[in-house]
Amino acid sequence: MSKVSELYHTGLIGGQPAPDDLAIQAKISHTEEGFATVWLITPAAIWLILFLVVPLVSIVIFSFWENSPQGLSPAFSLEFYGEYFYTKGFFDPDADRFLLPSVFIRTLGSTVYFTLVTMLLCLIVGYPIAYFLAMQVQAFKWQLALFLLCMVPFWTSYLIRAVAWLPMLGRRGLINQALLGLGIVDEPVSFLFYSEFGYTMALVQIYVVLGIGPMFFSLAKIDKDILEAATDMGATPFQIFREIIGPMSLPGVAIGMIFIFVMIMGEFATAVVVYGGKTSTAGTVILNYYGIANYPFAAVNALMLMLAMVIGIVVILRVVDIRKEL
Amino acid sequence: MARRTPERWRKLRVKTGFSIYYVIFLLFIYGPMFAMFVLSFQGQRGGTSFPMRGFSLYWWNKLLEPSTVGDMQGAMGRSIILALMVMVLTALFSTMLAMAFRKSFLFSNVLFYTILTGLMVPGVLLSLGMAILLRQLGLAPAWYTSGLAVHVIWALPFGYLVMMAVFNRFDSRLEEAARDMGADEWTVFKEVTFPLITPGVVAAGLFGFTLSYDEFARTTLLAGAQNTLPLDINASMTQRIRPTLFALGTASTLFSLLMISIFLGIYTILYRRSR
Amino acid sequence: MTAKNGNKKSTGALLKISRRKFMGTAAGIAAAGGITGFPNIVQAADPIRSIGLGVSIINEIQGKAAKDLGFPVRGQALGYGALFGKTLNQNDQYEVSECYFDMFDVMVPSKVFQPIDTTRIRDWDKVSNLTKTGKLTPGSQIGQGDAPFHKLWVDENGAPTKGPSRYISAVPGWHNADSLGYNPKETKRSIDSWAELFSSDFKGRVALLNVPQIGAMDAAMGVEALGLIKFGDKGDMTRKEIDVLVDFLTKKKKEGHFRAFWETFGQSVNLMVSGEVVLQSMWSPAVTAVNAEGVPCIYASPKEGMRGWHGALAISAKASGKQLDQAYEYVNWWLDGWAGAFVARQGYYMSTTANTKKSLPADEWDFWYEGKPAAKELPDPFGTPLVAKGAVRDGGSYEQRFKNIAVWNSIMSENDYLVKRWTEFLTA
């Protein structure tokens, strides 16, 4: 048993990741082994082409169409792209909107900003949980059980949970009742709900689990014997974290952050339910135009949102190349 | 020995600290579930927010009766079946893809970003694009065909990335050793690879189940003539919302907890037997 | 069993349709135009499919229809967005769409419906003048915006006509007028003007409807009542008017005037019951629901008039043969009286008033339509007690309400601009 685990983690003592070129060489030398790549990717690739790429292409085509009272008409029009970017008076120093980006860009910007803040909070809140599950809980059985416990709220439809926010955080909600009952406040506080505070908390609450999963997996793979050995050699907990645990869990962190990033960027429902619709997100803008059947402009908004997401993901993957570290 | 004891104390302290944090965290993410739980016992004349007007099992009984708008029980059955199908396909596809990505191959980058695109396409537009294509082909949408198609697109990137995390720095020397001993590819996979990646496969499947069960936007135009649960709940919001909804939520929470306990029990028994 | 068979068969028929090379997109449907009829779609056992909101798609209603008519009616309840999208993009997925006249600016030009021949509507004469001429009674005022009679009349090809014609776009159904709901205990005075929506007395305890098209109209009523601007047509504002309106709203929002913006019926009920707001734009049955949950709530009858909306039964352009006949039967059944009585107990009115009166016990008719105090405890449609004895329906009689509709739910011609400015308002 000990032999296997030794094999499994050679090269990690001291926290040095295996050199990349060595890994690549290893990869090349193994190309003939394992199942044939073609068979592994074909089913999923066909599925992706039929049900993702083709509809996506139609969305792109839509974005160039014209929208008139008679409905959509095929065309090559950049009208809606112009609408997205251009603001009247943008270059006119006398206009009151001088150098003020269009409302769509501003909405996208605030969505990105908000997403980044929430991501950071999710990381701070979620990482210790992943660490706890992976490092402090010994038996795999309990690791899984405690992780599943975090998933349970997700098996109640989001739409139902959304209705329950108000009786939890509202003026007559459970928290306010508790605060009043304990004499902490004299009258119900209203900052908990329909506020930026409540909105941020809600987003963290809903999405943090998505990040915990991948982080837990990469942490769980760290061999505890190595940590033990490092401690015996006199490494401080901080050193162990910086040299071994941190780098080893980085891919998990990156993947978790991608999940959270994408989910919150596309978020629209929580803003309505928890923030009382008092803000717009890129998602609500798409929905508003979709709702009035202006599909070309909804498509333009969607493509810009996706562009922002791609940039975000590329940046995350630049920091941690999860594919290279395979 | 003298050095060991304070060390053990320190470890215990750390562990206790983390455990307390975990409990607080659970309270946090269960947040609105508590209000939901309490209000599911709302009196017959009460609604979905405080104050409570009496205390009854009225809304729990209502769960078993046919709903006034839509068909809650049927919709729930359809959603569970759909989620199970998505679960299996997601687990299967993401495992296969992640295994393929252990080697470099042509256009692997393109495939990588295509998979991730499923994560990024706004759901309503994917649903619209698919609906229009189906129309052109003269095919009727249904939750178990077109609904399944886009749900897998949605869940796949999650499962795939989880599997990527699992295969990350995966030691292939064990597999090689098995190959050297003359095992064929299937045997290697069955005996060596799969046991090592099981937790990941389970997690990918769970992602698939969870995401599909809760998905609304992608299903709006693709469910066909019968609603999935989220569509049904959404429709019921055009009427008065009754605490039945909370009874349903509480019931599914309790059911999930029960399933986890059963799973733990089975796991323990199997584990003992294999010893 | 039969349902399953029917489903398979219609799929087969759809495949045939596809060979006719539909352009298929939202607009393309329009080009496909006339109905030539596909004989294969006709099956005796075929159920008809009807889609709509939870307002009209209720198991009791379609169940009763199926029983009375002798063929299955499969109702599919949807949320507003899903109903709009499905009605517009998938008219091969329903025979009847129980939709709303304010959608018709989009639906009629897209030709997703087929014109309905009024000679095939048995009770056409009994349908009130509200949707035919815009005037419920000769002395009524015609509301601004997309009053249903503007959207009703079409020619045999489905193109809108100026005046009455043999063909209509859809059969008028259930309708109501919306205004403000308030908690009298908290406002401490009665509310009789839309201007109160912006009264600083209620700062931080006010909610507004967050559907740009309709919410903007509610807000416009308030701004007009304050005397800040006089709109040419609140149902079809100019860019300038939208600017004035949104600038004012933005200022109010920054002052913290609004507690929330709601989107669904249930949300508005919960906002009031939970004491989050004391005054908000609200729908009449939602006010009834708040009262039923024991929280005092009054449905205001503002002197400026209310905002009206009107449901309709439209038949898909794709329905043909026997299914078309059955769709007609179903639509006729709606006008018969039973459905009118059913929706009355929810607080909605029906276009065939006389038939509803026949089907409704006198004391219920007096309460719901005449605005008289309830002679005894009255039930909701499912038989549970809803209205206490002696209670009076706020907003007066049916006639009073609909004589004075200020504006009808509409999609404005500057709708894109409105949505853009509304986004700006919410982002502010």
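What percentage of the 326 residues in chain A is buried? Buried residues account for 46% of chain A, a residue being counted as buried if 20 or more other C-beta atoms, placed from the backbone, lie within 10 Å of its own. The model is predicted: local features need pLDDT of at least 70 and side-chain atom pairs count only at pLDDT 80 or more, whereas totals for chains, interfaces and linings use all residues. Residues are numbered from 1 along each chain as its sequence is written, and chains are lettered from A and ligands numbered from 1 in the order in which they are written.

Chain A contains 14 helices and 2 strands, taken as DSSP runs (helices H or I, at least four residues; strands E, at least two) numbered from the N terminus. Of the contacts in chain A with a separation of 6 or more, 65% link residues 24 or more positions apart; a contact requires C-beta atoms, placed from the backbone, within 7 Å.

Helix 6 of chain A (residues 140-151) has 12 residues and spans 17 Å from its first C-alpha to its last, close to the expected 16 Å, which is 1.5 Å times one less than the number of residues. Its buried residues are Leu144(A), Phe147(A), Cys150(A) and Met151(A). They line one face of helix 6 because they fall within an arc of 115° seen down its axis, the arc being that of the directions from the axis to the C-beta atoms.

In chain B, Ala204(B) belongs to helix 8 (residues 185-213). Ala204(B) is buried, as 29 other C-beta atoms lie within 10 Å. Beyond its neighbours within four places in sequence, Ala204(B) contacts Thr90(B), Ala91(B), Ser94(B), Thr95(B), Gly159(B), Val162(B) and Met163(B).

Technical notes:
Buried ≥ 20, exposed ≤ 12 C-beta atoms within 10 Å, placed from the backbone. Contact = placed C-beta atoms within 7 Å.
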